[in-house]
Amino acid sequence: MDFLQEYDFHLPDEQIAKFPLENRDESRLLVVDIGQTKFWEAPLFRDITALVRPGDVFVYNETKVSYRRVYLQVESGRIHESIFLESVDKSNQGWLCILKNRAKLKLGDILSPVGFKNFRFFFQGPEEELSILFSETPISDSDFAIFGNIPIPPYLKRNVTEEDKVRYQTIFANRSGSVAAPTAGLHFTEDLKENLRKLGAEFLPVELQIGYGTFRPLTPEQWQTKTLHKEKYFVSESTASKLNDARKEGRRIIAVGTTTLRVLETIFDSQLQKYKVGSSQTDIFLSPGDRIQSVQGLITNFHLPKSSLLLLVSAFANTQLVLDVYQYALQNRFRFYSYGDSMFLFQK
């Protein structure tokens, strides 16, 4: 029996949001009151202003999507699409990559970004389903900006556009290093952020560098060990201090996105009831049955079936309520995934 069968559903292709709406804050918003086990349409994301209380704290992921999709060419002219996930050494010369058609490569083969032969990578071989490429020189995000493309999600099944360079970044994007956007933040505009501040809300940053694991199917081993792919995070002393003040004062802490929630649940000490400063990695896997204590609210998109993100949302609320919400969204033609519509779930 499929261990994720309960979290599977059929999503019509036309409900996958292939492109962003003209205005970020005009996505539809489904409001979910967990305590009352009820939900309703807002109807637009910017209408979240009616649900905000003075003192609410919105915590966002300030990561920026790097231009890590690179089309590499061997000397014969054959092209290999790749996504550079992370550096495997301090020199930033060895890189762990998703590399298509790697079976056609031999150890030591030279690959260069199309049109940029001055950059050379050597194929070092496979690393399970991934590959290792080694560069002659250190590679930085400024280099990726020269020869790379923004890595929009594979389920969009289209080429990147100039619009994606702007719209697949949140207004909070500040620290480079992710291969996917923290998509709940895509619904915010500067005007909406300012309006929420005028209502007494506070905004605080954390960072989680999102890896390709967010798109990978869950395995039975991950389910059994309660661990996911590792992702780097950073929480400043200022953010931790302000979060602790908000908690003492009984103010709501609202995670903007599942990546933010993963960070907050990682740094929250349930015994001391405090948030910790830190720069480390997390492989936390939140699923139904876990008690989430770090936040009282969550803003999120509509996720892939059988995904770790759907399980995380079900852990924050409860499985049946979330499945009912998804069924409503499917029946009422909500838009799914990165450029899709939104939910605001809260516990009190």
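Which residue in S7 is the bridge partner of Ser82? In this predicted model, the partner is Leu99. The two strands involved are S6, residues 79-87, and S7, residues 94-99, which pair in the antiparallel sense over five bridges.

**Barrel**

S6 and S7 belong to a barrel that six strands close in the order S5-S6-S7-S10-S9-S8, with antiparallel pairing. From one strand to the next, the twist averages 45 degrees. Strands of a sheet pair through backbone hydrogen bonds, either parallel or antiparallel.

Strand S5 covers residues 69-74 and contains Tyr71. With a relative accessible area of 32%, Tyr71 is partly exposed. Together with Ile79 and Val114, Tyr71 forms a nonpolar patch on the surface, and the accessible area of the three is about 230 Å².

**Aromatic pairs**

The structure holds 27 aromatic pairs. One of them joins Phe9 and Phe336, whose ring centres are 6.0 Å apart and whose planes stand at 50 degrees, so the pair is tilted. Phe9 sits in the segment before strand S1 (28-33), while Phe336 is in the loop between helix H8 (319-331) and strand S19 (342-346); the pair therefore ties together parts that are 327 residues apart in sequence. Phe9 counts as buried at 16% relative accessibility, and Phe336 counts as buried at 0%.

Phe84 and Phe121 form another tilted aromatic pair, at 5.1 Å centre to centre and 55 degrees between the planes. Phe84 lies in strand S6 and Phe121 in strand S9 (residues 121-127), so this pair ties together parts that are 37 residues apart in sequence. Both Phe84 and Phe121 are buried.

Ring pairs also build a cluster, which links Phe9, Phe39, Tyr155, Phe302, Tyr326, Tyr328, Phe334, Phe336 and Tyr337.

**Salt bridges**

A search of the whole structure finds 18 salt bridges.

| Salt bridge | N to O distance |
|---|---|
| Asp56 and Arg252 | 2.7 Å |
| Arg251 and Glu202 | 3.3 Å |
| Arg167 and Glu163 | 4.0 Å |

Asp56 forms its salt bridge with Arg252. This pair links distant parts of the chain, 196 residues apart: Asp56 is in the loop between strand S2 (38-44) and strand S3 (57-61), and Arg252 is in the loop between helix H5 (237-248) and strand S14 (253-256). Both Asp56 and Arg252 are buried.

What separates Arg167 and Glu163 in helix H2? They are four residues apart in this helix (residues 162-167), which means a separation of about one helical turn. Arg167 counts as buried, at 12% relative accessibility, whereas Glu163 is partly exposed, with a relative accessible area of 38%.

Arg251 forms a salt bridge with Glu202. Because Arg251 lies in the loop between H5 and S14 and Glu202 in strand S12 (residues 202-208), the pair ties together parts that are 49 residues apart in sequence. Arg251 is partly exposed, with a relative accessible area of 22%, and Glu202 is partly exposed, with a value of 23%.

Salt bridges that share partners also join Asp25, Glu26 and Arg46 into one network.

Methods. Residues numbered from 1 in each chain as written. Predicted model: local features only at pLDDT ≥ 70, side-chain atom pairs only at ≥ 80, totals over all residues. Heavy atoms only, no water. Pairing = 2+ DSSP bridges. Axes fitted to C-alpha atoms, helices over the stretch in contact; angles between N-to-C directions. Patch = residues over 30% accessible without salt bridge, like charges linked within 9 Å, V, L, I, M, F, W, Y side chains within 5 Å. Areas by Shrake-Rupley, 256 points an atom, 1.4 Å probe, with all protein chains shown as cover. Salt bridge = Lys/Arg side-chain N within 4 Å of Asp/Glu carboxyl O. Buried < 20%, exposed > 50% of the residue type's maximum accessible area, 1.4 Å probe, protein only. Phe/Tyr/Trp six-rings, centres within 6.5 Å; stacked < 30°, edge-to-face > 60°.
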